[in-house]
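Got a new structure open and wondering where to start?

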Amino acid sequence: MVLFTESTTPFVNLRWHLDVAGLKSSKLYIWNGVALFFGWLVLSEHTFHLNSSCTILIRLQKVKQIFPLGYYSVLTVPATLAMMNVYWFWKIARGMVKTLAKAKAKKHDE
């Protein structure tokens, strides 16, 4: 389940390549940003958080009995990763809004 969160990596890589190539104003860059936003929303946020929550709820007591350090890891690692995912999603959303605003302004200037 967690590997599904990596499905957005091609969008991130394409975005970087388009930026380096100077194509930030292209339609491909804009559509890639929108696809990255929705891909991250669906795959990273929902899949990751649902999977982590289910794992914690189902296996927490078993982990505590078998490996005490694992118990604390199960409590802290998913929470840390969730905060990182929310931070990156916020940056992606902000970037998409900024790019769409520039594209709209450019369209009105023409």
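This is a predicted model: local features need pLDDT of at least 70, side-chain atom pairs count only at pLDDT 80 or more; totals for chains, interfaces and linings use all residues.

Residues are numbered from 1 along each chain as its sequence is written, and side-chain values use heavy atoms, with hydrogens and water left out.

Let's start with the helices, which are DSSP runs of H or I with at least four residues, numbered from the N terminus. α1 is 12 residues in length and spans 17 Å from its first C-alpha to its last, close to the 16 Å expected at 1.5 Å a residue. That expected span is 1.5 Å times one less than the number of residues. After α1 comes Gly22, with a positive phi near 75°.

UniProt, in an unreviewed entry, puts the feature "transmembrane region" at residues 28–48 and 69–90; such annotations may be inferred rather than shown by experiment. In the model, residues 69–90 are 100% helix and 0% strand, with 32 Å between the end C-alpha atoms.

Now for the largest pocket, which holds about 1100 Å³ of space. A pocket here is an open set of points on a 1 Å grid over the protein atoms alone, where a 1.4 Å probe fits, with protein on both sides within 12 Å along at least five of seven lines; lining residues have an atom within 4 Å of a point. The volume is the space filled by probe spheres set on those points.

Which residues lie nearest the centre of this pocket? They are Arg15, Tyr29, Gly33, Gly95 and Thr99, out of 38 lining residues. α1 (9–20), α2 (27–66) and α3 (68–109) each give the lining at least two residues, and α3 has the largest share, with 17. By type, the lining splits into 16 nonpolar, 9 polar and 13 charged residues. Asp, Glu, Lys and Arg count as charged; Ala, Val, Leu, Ile, Met, Phe, Trp, Tyr, Cys and Pro are nonpolar; the others, Gly among them, are polar.

Next up is the largest nonpolar core, made of 8 residues: Val34, Leu36, Phe37, Trp40, Phe89, Ile92, Ala93 and Met96. α2 and α3 each contribute at least two residues to this core. A nonpolar core is a set of buried Ala, Val, Leu, Ile, Met, Phe, Trp, Tyr and Cys residues joined through side-chain atoms within 4.5 Å. Buried means under 20% relative accessible area, exposed over 50%, and partly exposed in between (1.4 Å probe, protein chains only).

Finally, here are some residue pairs, with distances taken C-alpha to C-alpha.

| Pair | Apart in sequence | Apart in space |
|---|---|---|
| Gly39 and Thr8 | 31 residues | 6.0 Å |
| Lys102 and Lys24 | 78 residues | 10.0 Å |
| Ala105 and Leu43 | 62 residues | 31 Å |

Gly39 sits in α2 and is buried, at 13% relative accessible area. Thr47 is also found in α2, and its 15% makes it buried. Over in α3 you'll find Lys102, which counts as exposed because its relative accessibility is 53%. Is Ala105 buried, exposed or partly exposed? Ala105 belongs to α3, and its 38% relative accessibility makes it partly exposed.
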